[in-house]
Each structure stands twice: as C-alpha cells, then as structure tokens.
Amino acid sequence: MKNILVGEFLVHYFQERRKGKFFEKECNRWIGQAAFKREKLFLLTVPLPPLAEQKRIVAKVNQLMTLCDKLEAALITTQKNRRRLLDALTHSG
C-alpha cells in the first residue's frame, strides 16, 4: 500500500484553531475530558489532499512558523532596546 498521509500534515490539521475547538468539544462530549478514545479517533473523518499537496502545505506552514519565530524574536529585541533607551533618557534627565 502506498503512503497517503504525511504525519506532520495531520498534526497541523488538528492544531488549527477552529478544528481544535471542535475536537475539544467532541472529546468532552465523548468522555468528559479533552482526550480521544481510540475507538472514537477511528471514526473521525479527515479530508486528505494528495500526498504532494500535503507536503507542500507542511513546508509552507513550517516556513511561516519560522518567519513567526523570527518576527517574535525581533519584537522582543525591539522591546528590550526601547526599554534601554527609555531608561537612558530617564537617567540622563
């Protein structure tokens, strides 16, 4: 049987915010807590794009997450620099 699923695609699929809320609600309905019973997990329907498209989606999500990490680091650096400048201005006056 040929491979039809990129595991990382499935992880991203379940982590997507709207789906996460849906699955959390379903989990609570099934067993009263945010966890999946194995039997119920097999009943979930997950639309799978072709393997090449899954790989493209995973690569794009990873690329965007890397960009988000860089932007977050830049924001932290900017905040630190702003704090240093403000401290320097208040101490010099």
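This is a predicted model: local features need pLDDT of at least 70, side-chain atom pairs count only at pLDDT 80 or more; totals for chains, interfaces and linings use all residues.
User: Which residue forms a salt bridge with arginine 83?

Analyst: Residues are numbered from 1 along each chain as its sequence is written, and side-chain values use heavy atoms, with hydrogens and water left out. A salt bridge here is a side-chain nitrogen of Lys or Arg within 4 Å of a carboxyl oxygen of Asp or Glu. With closest N and O atoms 3.9 Å apart, the partner of arginine 83 is aspartate 87.

User: Where do arginine 83 and aspartate 87 lie?

Analyst: Helices are DSSP runs (H or I, at least four residues), numbered from the N terminus. The two residues sit 4 apart, about one turn, and both lie in helix 4.

User: Is histidine 12 buried or exposed?

Analyst: Buried means under 20% relative accessible area, exposed over 50%, and partly exposed in between (1.4 Å probe, protein chains only). Histidine 12 has a relative accessible area of 18%, so the residue is buried.

User: Which residues does histidine 12 touch, not counting those up to four places away in sequence?

Analyst: Histidine 12 belongs to helix 1 (residues 7-15). Contact means heavy atoms within 4.5 Å. On that basis, histidine 12 touches Val58, Val61 and Asn62.
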